[in-house]
Amino acid sequence: MTNDQKIPPIKDLIDDMHQVDVLHFYGIKHQSLIAMEELSELQKAISKAARYVRVHELDQPSHDPYLRDMAEEIADVLICIRQMELYYGLPDDLISYFVYKKVERNKARLEEKTHDRETD
């Protein structure tokens, strides 16, 4: 990828009609197995990055092979997630609801832990 090359946002790259075609061609069982495989590969990429990437390398993530690998695995997982959303008819607002709840829960936990540290 070059600096002058414009890549659209993720949501614009994952064409729903193409993903439906993929699901029809390979079937949900196959794509479910692929999704599990991709999740496993992402888990391994995260583990490697946690072990080998140093903080100073975060300034240039595209140059670090472990971070590039993690980015590639995240892309694979996002595509698989979208396929599962489409196949099972999971509406965006339902997923957004759970994302919202979990983010708010994390904020509350962080606030609580920050408050606890300040009072100790």
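Residues are classed by relative accessible area as buried (under 20%), exposed (over 50%) or partly exposed (in between), with a 1.4 Å probe and protein chains only. At 66% relative accessibility, His-24 is therefore exposed. The model is a predicted one, in which local features need pLDDT of at least 70 and side-chain atom pairs count only at pLDDT 80 or more, whereas totals for chains, interfaces and linings use all residues. Residues are numbered from 1 along each chain as its sequence is written, and side-chain values use heavy atoms, with hydrogens and water left out.

Helices are DSSP runs (H or I, at least four residues), numbered from the N terminus. Two packed helices are described by the angle between their axes and the distance between the axes. Axes are lines fitted to C-alpha atoms, for helices over the stretch in contact, and the angles, between N-to-C directions, run from 0 to 180 degrees. An angle under 35 degrees counts as roughly parallel, one over 145 as roughly antiparallel and one of 65 to 115 as roughly perpendicular, the rest being oblique.

Helix α2 spans residues 16–26 and helix α3 spans residues 28–52; their axes come within 6 Å and cross at roughly 110°. Helix α2 is therefore roughly perpendicular to α3. Contact, defined as heavy atoms within 4.5 Å, is made here by Val-22, Leu-23 and Tyr-26 of α2 with Ile-28, His-30 and Gln-31 of α3. By class, the contact of α2 with α3 has four nonpolar, two polar and no charged residues. In this scheme Ala, Val, Leu, Ile, Met, Phe, Trp, Tyr, Cys and Pro are nonpolar, Asp, Glu, Lys and Arg are charged, and the others, Gly among them, are polar.

The axes of α2 and α4 come within 10 Å and cross at roughly 80°, so α2 is also roughly perpendicular to α4. Helix α2 contributes Asp-16, Gln-19, Val-20, Val-22 and Leu-23 to this contact, and α4 contributes Ile-79, Arg-82, Gln-83, Leu-86 and Tyr-87. Six nonpolar, two polar and two charged residues make up the contact of α2 with α4.

Helix α3 and helix α4 (residues 65–87) pack at an angle of about 150°, with their axes 8 Å apart. Helix α3 is therefore roughly antiparallel to α4. The contact of α3 with α4 has 17 nonpolar, three polar and six charged residues. Helix α3 itself has 25 residues. Its buried residues are Gln-31, Ser-32, Ala-35, Glu-38, Leu-42, Ala-45 and Ala-49, and these pack against α2 and α4.

Leu-23 lies in helix α2 and is buried, at 7% relative accessibility. Apart from neighbours within four places in sequence, Leu-23 is in contact with Ile-28, Gln-31, Gln-83, Leu-86 and Tyr-87. The C-alpha atoms of Leu-23 and Asp-92, 69 residues apart along the chain, are separated by 19 Å. His-24 is likewise found in helix α2.

Arg-82 belongs to helix α4 and is buried, with a relative accessible area of 16%. Not counting residues up to four places away in sequence, Arg-82 touches Ile-14, Asp-16 and Asp-92. Arg-82 and Arg-109 are 27 residues apart in sequence, and their C-alpha atoms are 29 Å apart in space.

Notes. Helices (H or I, at least four residues) and strands (E, at least two) are DSSP runs, numbered from the N terminus. The expected span of a helix is 1.5 Å times one less than its number of residues.
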